[in-house]
Amino acid sequence: MKQRAYIVGIRSGLALLLALLVVLPGQTAHRNPPAAECPQPRFTGRAPEAVYNQVNPLKASRSNRRAGRELYEEALQPACADCHGDSGEGNGPLASQFEPQPRNFACAETVNGIPDGQLYWIVRNGSPGTAMPPFDFLEDEEIWQLVLHLRALANHD
Ligand code: HEC
């Protein structure tokens, strides 16, 4: 009798383990919302003319690009990637709660139409009335490094 109860215990333990193995990977796969539309509707305020027309003064050197990537993915709190997604698809773990949605940087059609100066301006000042926060504590150089990374995401390189 005792032994039997023990075996039943093992069997239900195994069943629970199996159920977890089936359920858990499914949950991680659904953690991020689907990628944002491409082209993506965009109603973001426009930078002042002088800034709008600025061209990124930094070279797309290996070190600038690495710095931009680190800032985007992990150096800040919240990180750009928390909203915009690691690959820039606008589907980071926080994205689904926001309307309008985070910009989809993986969409070249949208991003290629936005000048460097406009990207710079919104990173520094945020987009009022949306979830995009101002990152006004960053050095100019850091924002331009971020802009290099946004271009890299759009070009998928
Ligand atoms: C809390 C979420 C959140 C975080 C963190 C965040 N963004 Fe955004 N971002 C948004 C949303 C939402 C929009 C869309 C705003 C709009 O439609 O005007 C946006 C828009 C933008 C734009 C659009 C500019 C344009 O003119 O279309 C740029 C550039 C941008 N974000 C860069 C960044 C960078 C770089 C970081 C990190 C330094 C960052 N964002 C962090 C939510 C976020």
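Student: Which residues come nearest to the ligand?
Tutor: This is a predicted model. In it, Thr44, Cys80, Cys83, Ser127 and Met132 come nearest, out of 25 residues around the ligand.

Student: What classes of residue make up that shell around the ligand?
Tutor: The shell has 17 nonpolar residues. Five others are polar and three are charged.

Student: And which helices supply at least two residues of it each?
Tutor: Helix H4, residues 80-84, and H6.

Student: Why give both an angle and a distance?
Tutor: Because two packed helices are described by both the angle between their axes and the distance between the axes.

Student: Is their crossing left-handed or right-handed?
Tutor: The crossing of H6 and H7 is right-handed.

Student: Which residues meet there?
Tutor: From H6, Asp116, Leu119, Tyr120, Val123 and Arg124. On the H7 side they meet Ile143, Trp144, Leu146, Val147 and Leu150.

Student: How do the residues of that contact divide by class?
Tutor: Eight are nonpolar and two are charged.

Student: New topic. Where is Asp136?
Tutor: Asp136 sits in the loop between H6 and H7.

Student: Buried or exposed?
Tutor: Exposed. The cut-off for exposed is 12 or fewer neighbours. Asp136 has 10 C-beta neighbours inside 10 Å, so Asp136 counts as exposed.

Student: What is Asp136 in contact with, leaving aside neighbours within four places in sequence?
Tutor: Arg124 and Asn125. There's also a distance to note for Gly126, ten residues from Asp136 along the chain. Their C-alpha atoms are separated by 8.6 Å.

Student: Zooming out, how many helices and strands does the protein chain have?
Tutor: Seven helices and zero strands. Along the sequence, the pattern reads α-α-α-α-α-α-α.

Student: What share of the protein chain counts as buried?
Tutor: 28% of its 157 residues.

Student: And what about contacts between residues at least 6 apart in sequence?
Tutor: Of those contacts in the protein chain, 65% join residues at least 24 apart.

How values were computed
Residues numbered from 1 in each chain as written. Predicted model: local features only at pLDDT ≥ 70, side-chain atom pairs only at ≥ 80, totals over all residues. Left-handed = near helix turned anticlockwise from the far one by under 90°. Helix = DSSP H or I, 4+ residues; strand = E, 2+ residues; numbered from the N terminus. Contact = placed C-beta atoms within 7 Å. Nonpolar A, V, L, I, M, F, W, Y, C, P; charged D, E, K, R; others polar. Near = placed C-beta within 6 Å. Buried ≥ 20, exposed ≤ 12 C-beta atoms within 10 Å, placed from the backbone.
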